[in-house]
Amino acid sequence: MNRLAPSRATRLVIGILVGAFFVIPMLSTFLYTLRDGDGFSLVHWAALADPEKASAYAPIWVGLGNSLVLAVVTVAIVLFLLAPTMILVHLRFPRLRPGFEFLVLLPISIPAIVLVVGLAPIYREIGRMLGTGAWTLAFAYGITVLPFAYRAIQASIDAVDIRTLSEAARSLGAGWGAVVVRVIAPNLRPGLLAASLISVAVVLGEFTIASLLNRQVFQTALVVVKNTDGYAAAVFTLLALAFAFVLLIVIGLAGRIRVGKAES
Amino acid sequence: MTSPIPVRPLPRTSENSLLADAGSGTRVEFRGIVKDYGATRVLHGLDLDIAPGEFVSLLGPSGCGKTTALRVLAGLEQATDGVVMLGGTDVSAVPTNKRDIGMVFQSYSLFPHLRVIDNTAFGLLRRKVAKPEAVRRSHDALALVGLDHLADRFPHQLSGGQQQRVALARALVTEPRVLLLDEPLSALDAKVRVQLRDEIRRIQLRLGITTVFVTHDQEEALAVSDRIAVMNAGRIEQIGTPEELYLHPATPGVAAFVGLSSLVSGVAEGSSVRVWGEVLPLAGDAMTGDVEVFVRPENVRLVAADGVEATVLESTFLGSFRRTLVRTADGTHVRVQHPASERVEFDDRVRIAIDPEPVSVRPTA
């Protein structure tokens, strides 16, 4: 017996407390969405498909569309800018790594509200050059997801000897393009997948920047709708939570699947 | 990336396409290779000429520059100065992927996400060989290392020795101009190491491919090489056949590193040296004064009378012979190789004598 391990009863109590901490707010929200006068019914859930209410919920669908575009652009920034940079730093400029790591982890320690103060004038310029489309928010989100995406990808880089693998590929006649696409990327797949999913979760959860920069995304739309229909907002909140939950499970599974597929 | 490496057309004289290439080797030349890492110079003007089809080992302690030399030849490191020639052409500015080399690494380097057959086909596909042709030639290469039956496995399903065999097949399948081996055996256990070592040599002789083998294991180098370049501190101390290095080491460093030696004090007298009352010819340059003499265990024998008195410290049975460590009256430790029938035990008093073979010496520090 491990003497340091808590007893069975202690473990049970901790489990229940932590579980309650997560479950009670969600359960309350769920019960709230079922309220119908003094009784319970599914009327608020059914309202989502009600054409009469469509105009009231329109901001949410627009916001959701914007958010999904944002998610795609942010993931592209992670996969095509951050990941190649990390590979380059690892293989060619290992001495830059401490500085690079510091820089990339920095956003986690800067509150979004502070970030916005700096971003506002930059976005005035971006608005002039690229328009005020919601997708331009991806530049800001590309920064806020850096710490999370970096950790996920770095874990994969540390697990595979990509230096030897890329040297072997080079000696076999592969140019740098083939090295990255055919050798490094497949072996970093779990990290790249996790980084992408975490980025999506961050994009769908961030409120401060989107709100203060006046961009309509899922989260801001939720607040708008809440002012007119609190029940609908609660329903969408639950759906968003469920989506994030599924994402986390997918990340967990992706990490466990063994890398292994024939090149053909 | 636009001009693929040419794949030389081969006469199909045997069933195994790889073997049809036997006899075509490429000359490899290092000309005054200097390599600096910051302020540290790791290669001091390396000159080495390797004949077509020759198996040359770079032997030396870790940090002697042997791996750096190999990596410069592979194009994985850029030389600070000097020229690398492959087949008479200066390839110093040619990137690794265009040098047409095959390389086996110390650490396992198979692509973990690809099956064995896809690993071996990788180099061929990069050279724009059609897929069916690439697969057929990959099977040939795997057959050469005796692993064709594992073609559908993934690397993590193979033992270390099998992985290095596949790595060898992968390096050879493109019929490269030169085969580079960077301590490919050091991660393997002793028995597999000897097997694979002999197999590499057998395959190398059959294919006739110029091979550069980096190792810190002198036994490995002695067993497989046509010639060995013994390196120390970024320079080649001596280059020669295994026999030359073993019997006529040019420097004390080579004598100490190649084969087993005991250090015995003696007095040099020009072209000979006096040890234990015997006069032995000097292998290197003439010198005088107090010296330390490198004495091979097989040149020392147990004698019944005369000789030097010594006490047995340990004696190891090695099959056909015994190797016994003794200590003389002045505290010198000497290894003696003698017939297994001459049994000695710890603390036995024995007498030893030295054969009049040429020896190398270094001045007493």
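Visitor: In which loop is the place of B:Glu183?

Guide: This is a predicted model, and what follows should be read with that in mind. Phi of B:Glu183 is near 45 degrees, a positive value in a residue that is not glycine. Its place in chain B is the loop between strand 7 and helix 5 (190-207).

Visitor: Is B:Glu183 buried or exposed?

Guide: The cut-off for a buried residue is 20 or more other C-beta atoms within 10 Å of its own. B:Glu183 has 20 other C-beta atoms within 10 Å, and therefore it counts as buried.

Visitor: Where does B:Asp100 lie, and what is its phi?

Guide: B:Asp100 lies in the chain B loop between strand 5 (89-90) and strand 6. With 23 C-beta neighbours inside 10 Å, B:Asp100 counts as buried. The residue is not a glycine, yet its phi has a positive value, near 60 degrees.

Visitor: In what order do the six strands of the open sheet in chain B stand?

Guide: The pairing in this open sheet is mixed. Strand 6 and strand 10 (235-240) of chain B each have a single partner strand, so they stand at the edges, with one side of each left without a neighbour in the sheet. Direction ignored, neighbouring strands are turned against each other by 15 degrees on average. Read across the sheet, the order is 6-7-8-3-9-10.

Visitor: Which residue in strand 9 of chain B is the bridge partner of B:Leu58?

Guide: Strand 3 (residues 55-59) and strand 9 (residues 227-232) of chain B run parallel and are joined by four bridges. In strand 9 of chain B, the bridge partner of B:Leu58 is B:Ala229.

Visitor: At about what angle to strand 6 of chain B does helix 4 run?

Guide: Helix 4 (residues 160-172) of chain B lies across two strands, strand 6 and strand 7 (178-182). Relative to strand 6 of chain B, helix 4 runs at about 170 degrees.

Visitor: Why are helix 2 and helix 3 of chain B described as oblique to each other?

Guide: Helix 2 of chain B and helix 3 (residues 131-144) of chain B have their axes 9 Å apart and pack at an angle of about 120 degrees. An angle of 65 to 115 degrees would count as roughly perpendicular and one over 145 as roughly antiparallel. The angle of about 120 degrees therefore makes helix 2 and helix 3 of chain B oblique.

Visitor: How many nonpolar, polar and charged residues does the contact of helix 2 with helix 3 of chain B have?

Guide: Helix 2 of chain B passes helix 3 of chain B in a right-handed crossing. On the helix 2 side of chain B the residues include B:Ile117 and B:Leu124, and those they meet in helix 3 of chain B include B:Val135 and B:Arg137. By class, this contact of helix 2 with helix 3 of chain B has nine nonpolar, two polar and one charged residues.

Visitor: Which element of chain B supplies the largest share of the side that touches chain A?

Guide: In chain B, 24 residues are in contact with 21 residues of chain A. Strand 6 (101-104) and helix 2 (116-126) of chain B each supply at least two residues of the side that touches chain A. That side of chain B divides into 12 nonpolar, seven polar and five charged residues. Its largest share, four residues, comes from helix 2 of chain B.

Note on methods: Residues numbered from 1 in each chain as written. Chains lettered and ligands numbered in written order. Predicted model: local features only at pLDDT ≥ 70, side-chain atom pairs only at ≥ 80, totals over all residues. Contact = placed C-beta atoms within 7 Å. Nonpolar A, V, L, I, M, F, W, Y, C, P; charged D, E, K, R; others polar. Pairing = 2+ DSSP bridges. Axes fitted to C-alpha atoms, helices over the stretch in contact; angles between N-to-C directions. Parallel < 35°, antiparallel > 145°, perpendicular 65-115°, else oblique. Left-handed = near helix turned anticlockwise from the far one by under 90°. Buried ≥ 20, exposed ≤ 12 C-beta atoms within 10 Å, placed from the backbone.
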